[in-house]
Amino acid sequence: MTEPLHTLESAYDIEDEYRPEPEPIPLPPAWLDGSLRIGIHTSIAGDIAESLNTARKLGCNALQIFSASPRMWGSGATTRIAEVNSNRFRALRLELGLGPVVIHDNYLINLAASHPVLKVRSIQTLHNELVRAVQLGADFLVVHPGSRGEMSVEQAIDAIAQSIRQASRGLKLGGLRILIENTSGMGTAIGWNFEEVAKLLDRLDNLPMGVCLDTAHLFHAGYDISSEEGLERTLERIEQTIGLERVYVLHMNDSKTPLGSRVDRHEHIGKGKIGLEAFRRILTHPLLSATGPHGLPGRAFILETPIEAPGDDRRNVRALWELTGIPVDQAPDAEDGFSMLRSARAIKAAERETRPRAKVKTAAKRKMKVTPHKGKKTKTNRSAKRKA
Ligand SMILES: [Zn+2]
Ligand SMILES: [Zn+2]
């Protein structure tokens, strides 16, 4: 009786089935070699690929950038990066061995906005952020959750999740991961506590999501990471809510304002209320190491410290490397005397030299008017004068 069944079974040969070529298993990015990754938010002024050289000259092996102006709504030409520039960025990044490349999103985006125009604009702008991040081969896009305004926390978390889903619809993200950054809790900002961040992640489990923890924001929100005991308690809370394996980037900023201030002011490493020893503990903590507790690699420490004097950027990078305890000759070399502040001045000076004199005057005049309001006013005044 078993005979017919056997025939039936053998009639179907699995080998006859058409099978497409198996997708090649993607190789992990070169920077995921278990080594410690330290970077700083780097200027893209003038040339986006040049930001990579800048990071290198500052002694970094990782970096964060904006992929467009962070205080302007992207439109038209700024939506995408010219292919020649994104190709150059990818090639130079490989050549310099930098990673991860972290992109920070536009400051104007509010994913919890209730006003329909602002909401649509925010979703569109985040979509453009994702497109550019993929173009550049970035590893992470850091996103601020948003401010809830009159909404309840629950409503806002739902709205943010929906906005992120809409913004990423139809996109192939490849190796890109979206990281939610914890906030200081200024105003009605969502995501100042781990519970809110965890809830948001849970609503987006079909997307490649993760978390970026900002040390200053943690402190402003009331998590006392300045003491050894406080750091332990905070890490415990993270494990119970977000899970440390979902934390991919740490923003390393000291704080100008005290614990629980809810006021976001960054300070140089070791010069603020968090203090040097706290940063040493963070950088050397076994649960926060580059390879991570679960064998998951890919954590990076990125500075967003102020640059008030030339060299502040280089000195903060240096400070982090020194705190890791890695011997100086094993940390990446920095270029003596290099600073983003100095190079920004050099770019301006070069522009001044190459531009015709009359144009320099107007450019300088325009630059003095920082606020859009004043700019508009002057324009109208000028055109009014011309008409008159
Ligand atoms: Zn941020
Ligand atoms: Zn930050």
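**Figure 1. F89 is buried in this predicted model, with 25 other C-beta atoms within 10 Å.** The cut-off for a buried residue is 20 or more such atoms, so F89 qualifies. F89 is part of helix 3, which spans residues 83-96. Leaving aside neighbours within four places in sequence, F89 is in contact with I48, A49, L52 and L136. Q135 lies 46 residues from F89 in sequence. In space, the C-alpha atoms of F89 and Q135 are 9.5 Å apart.

**Figure 2. Helix 2 (residues 50-57) is mostly covered.** Six of its eight residues are buried. They are S51, L52, T54, A55, R56 and K57. L52 is also one of the contacts of F89. Just after helix 2 comes G59, with a positive phi of about 90°.

Figure 3. Overall, the secondary structure of the chain comes to 13 helices and ten strands. The chain has 388 residues, of which 38% count as buried. Among its contacts with a separation of 6 or more, 75% come from residues 24 or more positions apart.

Figure 4. Strand 1 (residues 37-41) runs parallel to strand 2 (residues 62-65), and three bridges join them. One of the bridge partners is A62 in strand 2, which pairs with G39. Strand 5 (residues 177-181) and strand 6 also pair in the parallel sense, over four bridges. Here I180 has V211 of strand 6 as its bridge partner. Strand 6 covers residues 209-214 and is mostly covered, with five of its six residues buried.

**Figure 5. The largest nonpolar core holds 85 residues.** Nonpolar side chains tend to be buried together in soluble globular proteins. Within this core, L141, I160, L179 and L320 touch the most other members. Helix 5 (residues 153-168) gives the most to the core, with seven residues. Around L320, the residues touched are I38, M252, I269, L283, F301 and L303, not counting those up to four places away in sequence.

**Figure 6. Helix 5 packs against helix 6 (residues 194-202) at about 45°.** The axes are 9 Å apart. At this angle the two helices are therefore oblique to each other. Their crossing is right-handed. From helix 5, the meeting residues are V153, I157, I160 and A161. Helix 6 answers with E196, K199 and L200. I160 also belongs to the group that touches the most other members of the largest nonpolar core.

**Figure 7. Helix 9 (residues 276-284) crosses helix 10 (residues 312-324) at roughly 65°.** The axes come within 8 Å. The crossing is right-handed. F279, R280, L283 and T284 make the contact from helix 9. L320, L323 and T324 make it from helix 10. L283 is among the residues that L320 touches.

**Figure 8. M72 is partly exposed, with 13 other C-beta atoms within 10 Å.** M72 is found in the loop between strand 2 and helix 3. N106 is 34 residues away along the chain. The C-alpha atoms of M72 and N106 are separated by 7.7 Å.

**Figure 9. Two loops carry backbone exceptions.** Most residues other than glycine have a negative phi, and most peptide bonds are trans. The bond that joins G99 and P100 is cis, with omega at about 0°. P100 is found in the loop between helix 3 and strand 3 (101-104). R262 has a positive phi, near 60°, and is a residue other than glycine. The place of R262 is in the loop between strand 8 (254-255) and strand 9 (266-267). R262 counts as partly exposed, with 16 C-beta neighbours inside 10 Å.

Note on methods:
Residues numbered from 1 in each chain as written. Chains lettered and ligands numbered in written order. Predicted model: local features only at pLDDT ≥ 70, side-chain atom pairs only at ≥ 80, totals over all residues. Pairing = 2+ DSSP bridges. Core = buried A, V, L, I, M, F, W, Y, C linked by C-beta atoms within 7 Å. Buried ≥ 20, exposed ≤ 12 C-beta atoms within 10 Å, placed from the backbone. Contact = placed C-beta atoms within 7 Å. Axes fitted to C-alpha atoms, helices over the stretch in contact; angles between N-to-C directions. Parallel < 35°, antiparallel > 145°, perpendicular 65-115°, else oblique. Left-handed = near helix turned anticlockwise from the far one by under 90°.
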